Amino acid sequence: MRSYLVSRSLRMVAVMVALIAATFFLSRIVADPVALTLPMDASPADRARVTHELGLDKPLPEQFVDYLGGLFRGDLGVSVWQRQPALSIVLERIPASIVLAVATLAVSVVIGLAIGVAGALRPGSLVDRVATLASATSVAVPDFWLGIMLVTLFAVQLGWVPTSGYGSLIQLILPVATLAMRPIGRLARVSREAVLEEMGKDYVTAARARGLSVMSIFRKHVFKAIVAVAITIAGYDFVYVFTGHAVGVETVFNWPGLGQLAVEATLRQDVILVSAIVLFSGLLVTLVNTLLDVVHAAIDRRVTL
Amino acid sequence: MSTLPDSLPDGARELPSMPARLQVEDLHVEFSTRRGPVPVLSGVSLDLRPRERVALVGESGSGKSVTALAIMGLLSRNGWVSGGSVTYAGHDLTLLPEKEYRKVRGREIALIFQDPTGSLDPLRTVGSQVAEAIVTATGHRKSDLRDQVVQALHQMQIPDPERRAGQYPHELSGGMNQRVMIAIALAGGPGILIADEPTTALDATTAAGIMDLLGTLAHDRDMSVLLITHDLGVVADFAERVELMYAGRIVERGPVNDIFYRPRHPYTIGLLGSVPDVSGQRVVKAIRGSIPSLTALPTGCVFHPRCDRMQERHTCREQAPDLALISGSDQRVACHFSDEADREHAAGPRQELAEPETSRSADTDPATHPLVEVDDISVVFHLKQGLFRSGGQVTAVDRVSFDIERGETLALVGESGSGKSTTARVVLGLQAPTSGRVVFDGVDLTTGDKRFPKGVRRRVQAVFQDPTSSLDPRMLVLDIVTEPLVVHDLGSPAERRQRAEEMLDLVGLHPEHLERKPAEFSGGQRQRIAIARALIVEPDLIVCDEPVTALDVSVQAQVLLMFERIKAHRNVSLLFIAHDLAVVRQIADRVAVIYLGEIVESGPADEVFTRPRHPYTRALLSAIPVADPRRGRDRDRIILEGSTPSALAPPSGCRFHTRCWKAEDICHTDPPALAPHGPALAACHFPEEGPVHMATPGGGSR
């Protein structure tokens with residue numbers, strides 16, 4: 001287990017280094033910060049000055065070293081658009097994103113597992129068939145559309161919840177409901193299959209043969225295996241919620257998270273800020289996935305082989 | 001439906017003082033399928049008396065495991081008891097509600113399965129699973145639970161139980177896991193243990209230890225054991241009484257000696273004849289045909305399509321026989337003409353299917369070189385190397401050398417992990433050796449660009465263990481069998497077809513089978529197709545990797561006989577990889593025994609089987625259950641301690657020294673060389689001298 005922890009941590013660091021390098025070089029390839037900083041009609045002298053100020057006249061490897069040094073000092077550059085350090089802008093948005101991601105993940109794991117397990121324990125029953133149909137549908141619905149529909153129904157028509165905004169628990173309901181739909185469907189399907197597979201294994205028959213009830217076998221043996229599976233899926237879902245898909249939902253609900261910020265920063269061609277966002281979410285996703293892998297290994301030691 | 005109204009009184013007469021502990025009466029079980037309900041058990045009756053060891057014997061699909069599950073009330077969702085009863089302690093278990101049934105399972109009747117590793121929860125330590133069983137059985141958690149667990153593992157003769165208790169199933173060997181399973185099953189102190197193929201997934205030397213343990217435990221704990229198995233050797237060693245199943249029915253029942261020495265049912269007789277004899281004194285005979293599908297059972301006596309005794313009599317085709325008592329004995333048999341068994345015995349072998357003994361010495365011309373020369377090959381595998389993990393290495397094959405003459409069959413024998421299959425892959429050119437040479441008919445196959453010249457590729461063909469996965473399910477048999485001809489660009493389509501028909505004929509199939517797909521054939525027939533495919537290009541060598549291991553005993557005999565016929569007529573050499581010494585005895589001219597990648601003994605089959613020099617060969621021979629109760633129980637038994645060491649860290653000196661009863665200091669340090677002993681070679685510092693003790697077959701009564 002210890003050697004697994006060490007090797008998994010080293011692998012995480014390697015991925016992070018690769019991520020930092022990719023972010024840096026991509027940002028240098030796709031845009032010219034000098035042109036973005038200065039007005040269109042700036043003089044060549046101004047250009048040279050800004051180029052020098054930003055350190056862009058140095059060779060690329062040297063720039064990378066400077067960039068790395070900046071990272072360690074907490075300096076991700078200055079946003080061209082907001083004229084503020086990119087780090088502080090990102091940090092300001094992080095809590096909202098994390099609240100959304102964690103709430104979505106918690107809701108989807110609990111509901112998804114419950115639906116999947118309920119169906120699997122009585123395969124072919126009405127509950128099972130409804131759950132299977134619902135989870136198949138939920139995976140197919142685009143979330144920006146679902147978001148708008150939910151707002152129209154619950155906020156505009158019924159007036160139960162506010163249409164948008166951030167700050168209170170009640171404002172969390174619609175965005176989470178929208179975002180969690182797809183993970184719930186996926187987890188329900190995967191956990192249903194996993195339960196059915198585990199319950200069909202020899203060790204379950206062996207446990208029944210020594211007098212354990214199906215429910216206690218599920219509790220004592222099978223559930224652990226299902227959690228191991230759910231963790232893997234939850235890892236994907238975290239990435240899914242935290243990166244791509246929150247962008248649309250945050251826009252619909254005016255949620256001040258990283259996704260919304262990313263949209264605005266991209267529209268304003270703020271390369272520095274976009275890079276900071278990409279880097280930050282990338283590092284966070286890497287960290288979370290490593291943690292989930294470790295939890296998975298703690299549950300199933302065979303992973304460490 | 002055959003009922004047995006008289007089974008109880010007779011049962012009582014057999015042993016009047018002992019009422020049965022468990023009584024199965026006229027049990028019927030059906031399974032639902034897409035084509036409607038299928039009868040899996042059709043009137044099975046059996047008794048288990050206190051301390052009795054009964055074997056329930058049958059081939060695949062006979063319903064023996066379903067019987068066990070039905071007794072335990074553990075039939076899967078699509079199966080149900082449709083008639084009959086299972087009586088235990090005055091209650092019909094089939095009527096018990098699930099909650100009551102749970103009190104019977106584990107505490108009264110325990111069950112262990114074939115795959116010990118799969119029967120344990122992979123995510124929990126074995127100790128915690130034993131602990132759970134103890135708590136379930138006793139109903140409360142005592143403070144000394146940990147000690148109880150260690151004690152239980154210790155009673156199963158698991159070395160170092162404290163450490164083992166903290167390990168996970170994947171860290172233990174199969175034999176060790178089976179011991180854990182037995183500890184778990186016995187935690188509730190059951191009076192009855194049902195063991196469903198408990199040793200089938202294990203190596204011979206490990207299996208012998210498990211059967212030994214089961215025998216001791218049954219005796220010490222006053223248990224009745226219902227042993228479910230397909231292996232007649234295990235039955236002969238272990239059981240007192242035998243119930244023989246065929247197609248969901250019991251066809252013969254009786255004391256073990258009666259079943260083995262005076263079998264009455266033609267199926268019993270055929271099955272016994274199908275078992276290869278490790279002493280080499282009896283030639284395998286086969287039952288024709290294959291086990292019927294439960295969806296299309298024959299009318300009347302279910303065995304009649306395969307029966308030689310029937311002789312087109314209408315009774316057999318129209319009327320199902322009862323399991324009737326043979327007067328003056330404790331034996332029952334379900335055959336209309338069981339009284340003819342005596343006449344058949346008097347008339348000698350039932351069937352002359354056995355080939356005349358082919359000349360065991362290959363026609364060697366001393367002037368020419370052997371067909372295959374394997375010269376000092378080693379295969380080293382490097383373990384998966386992570387980004388930050390240095391991989392170790394495994395020497396799967398360590399400096400192995402052997403020759404195969406033209407027309408000769410060399411058997412390479414070893415247990416799992418011995419490197420025998422890797423060696424086969426090297427000879428097939430599927431695996432490049434790390435060092436050493438393979439020379440085929442004078443052509444060095446291992447130097448140069450390491451690819452077989454196409455001419456050689458044609459001359460070396462392969463047959464693998466699993467005939468299902470070695471045939472493409474989407475291809476017609478015609479395309480499968482002629483594919484080698486297409487690859488080597490031989491013949492026109494018409495000629496290919498004709499060749500394919502000849503080959504099918506040779507392996508005992510019909511030309512019309514060419515237009516079918518593999519799924520329409522039974523396992524044995526699929527293996528015949530695979531053999532036809534190997535033979536069609538007239539190879540000089542066929543490498544057979546466990547070719548009969550996946551087959552039922554009666555089918556295995558058919559395929560073995562076919563190999564013999566091919567050997568006799570085609571002058572083809574076989575490299576025969578197997579773990580079953582009895583099978584090897586049947587077919588091999590020469591034998592090489594391999595342990596942890598090294599050949600420990602090799603020589604002419606007769607020599608190695610009768611005068612084995614290496615202690616491992618002796619242990620292996622003694623571990624094989626002999627399908628002959630008297631001979632089996634008389635023979636010298638060597639039960640090896642521990643299990644095969646990991647190939648990752650092979651022992652120093654002689655690799656066998658960790659399990660060898662003769663090992664001395666020199667064995668720990670100096671690896672013995674393969675040295676000549678008589679006509680054989682053995683790698684041992686203290687080779688055995690005398691012949692092994694093998695009583696004559698049948699003890700003279702057959």
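Start by selecting Thr409(B) and everything it touches (contact here means heavy atoms within 4.5 Å): leaving out residues up to four places away in sequence, you get Lys567(B), Leu574(B), Phe576(B), Ile587(B), Ala588(B), Asp589(B) and Arg590(B). This is a predicted model, so local features need pLDDT of at least 70 and side-chain atom pairs count only at pLDDT 80 or more, while totals for chains, interfaces and linings use all residues. For your selections, residues are numbered from 1 along each chain as its sequence is written, chains are lettered from A and ligands numbered from 1 in the order in which they are written, and side-chain values use heavy atoms, with hydrogens and water left out.

Stay on Thr409(B) and show the cartoon: this residue sits in strand β15 (residues 409-413) of chain B. Helices (H or I, at least four residues) and strands (E, at least two) are DSSP runs, numbered from the N terminus. Is Thr409(B) buried or exposed? Thr409(B) counts as buried because its relative accessibility is 0%; the cut-offs are under 20% relative accessible area for buried, over 50% for exposed and partly exposed in between (1.4 Å probe, protein chains only). Now draw a distance to Lys567(B): the two side chains make a polar contact of 3.4 Å. That term takes a pair of N or O atoms within 3.5 Å; within protein, one must be able to donate a hydrogen and the other to accept it, and residues adjacent in sequence count only if both atoms are side-chain atoms.

Next, colour by chain and go to the interface. Chain A brings 26 residues to the contact and chain B brings 31. Together the chains bury about 2,500 Å², with 61% of that on carbon and sulfur atoms (buried area is the accessible area, 1.4 Å probe, that two parts lose on being put together, summed over both). Select Arg208(A), Ala209(A) and Arg210(A): this trio supplies 24% of what chain A buries against chain B, more than any other three residues.

Which element gives the largest share of chain A's side? Pick α9(A), with six residues.
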